[in-house]
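Hello,

Here is the structure I promised to pass on to you. Have a look at it first, and then read on for what turned up in it.

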Amino acid sequence: MKVTWLVIVFICGALLPFQAGLNARLGKYIDSPTYASLFSFIVGALTVSIYLQFTKETVTWAGLKSASISSWLGGGVTGAIFITASMLALPRIGMALTVGLIVAGQVIVAVLLDHFDILVAEQHSFNLWRLLGIIFIIGGVLIVRKF
């Protein structure tokens with residue numbers, strides 16, 4: 001593994017609380033978490049469009065046509081649910097518990113997807129160390145909730 005990618009992914013994770021907080025704040029300003037979610041996606045799409053101008057990436061019509069409907073809809077639908085639900089939860093349960101539960105959910109499902117070789121580049125079997133990691137994350141969430 002390249003250290004650069006570890007740092008990049010860590011930074012992406014560190015951005016999630018900011019994203020949730022800023023989206024929740026926008027939802028409060030405009031009196032609509034759902035519209036705030038929509039605006040977040042619009043700004044995100046524009047940002048990626050600008051980024052693409054600096055890359056050499058291309059897309060083919062054949063590739064677009066061959067993608068399954070679940071590939072087309074899955075990321076967008078789950079992203080919309082994630083953004084909107086976290087925006088609604090944040091003012092009710094707080095930043096730390098919201099993000100802690102998000103991380104716990106991500107790790108638990110990621111371990112299962114790794115184990116069952118679903119949507120992953122490389123299969124990783126469930127083992128005692130992964131179970132221990134899940135237990136620590138759940139324990140951390142419970143501590144954050146308590147205090």
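Predicted model: local features only at pLDDT ≥ 70, side-chain atom pairs only at ≥ 80, totals over all residues.

Is Q106 buried, exposed or partly exposed? Its relative accessibility is 40%, so Q106 counts as partly exposed. If you look for L64 as well, you will find that the two are 42 residues apart along the chain, and that 28 Å separates the C-alpha atoms of Q106 and L64.

Helix α5 covers residues 95–116 and also holds T98. With a relative accessibility of 5%, T98 counts as buried, because the cut-off for that is under 20%. Leaving aside residues up to four places away in sequence, T98 touches S86, A89, L90 and I93.

L90 turns up again where α1 meets α4. The axes of these two helices, α1 and α4, come within 9 Å and cross at roughly 75 degrees. An angle from 65 to 115 degrees counts as roughly perpendicular, and α1 and α4 are therefore described that way. On the α1 side the contact is made by L16, Q19, A20, G21, N23 and A24, and on the α4 side by F82, I83, M87 and L90. Sorted by class, this contact has 7 nonpolar and 3 polar residues, and no charged ones.

Next comes α2, which runs over residues 33–52 and has 20 residues. From its first C-alpha to its last, α2 reaches 28 Å, close to the 28 Å expected at 1.5 Å a residue. Which residues of α2 are buried? They are A36, S37 and S40. Viewed down the axis of α2, these buried residues fall within an arc of 100 degrees, so they line one face of the helix. They pack against α1 (3–30) and α4 (69–93). The face of α2 turned away from the buried side carries the exposed residues T34, Y35, L46 and I50.

Two loop residues are worth a look too. D31, in the loop between α1 and α2, has a phi near 65 degrees, a positive value in a residue other than glycine. D31 is exposed, with a relative accessible area of 72%. L119 lies in the loop between α5 and α6 (128–146), and its phi is near 60 degrees, again positive in a residue other than glycine. At 83% relative accessibility, L119 counts as exposed.

Methods. Residues numbered from 1 in each chain as written. Heavy atoms only, no water. Helix = DSSP H or I, 4+ residues; strand = E, 2+ residues; numbered from the N terminus. Expected span 1.5 Å × (residues − 1). Buried < 20%, exposed > 50% of the residue type's maximum accessible area, 1.4 Å probe, protein only. Arc of directions from axis to C-beta. Contact = heavy atoms within 4.5 Å. Axes fitted to C-alpha atoms, helices over the stretch in contact; angles between N-to-C directions. Parallel < 35°, antiparallel > 145°, perpendicular 65-115°, else oblique. Nonpolar A, V, L, I, M, F, W, Y, C, P; charged D, E, K, R; others polar.
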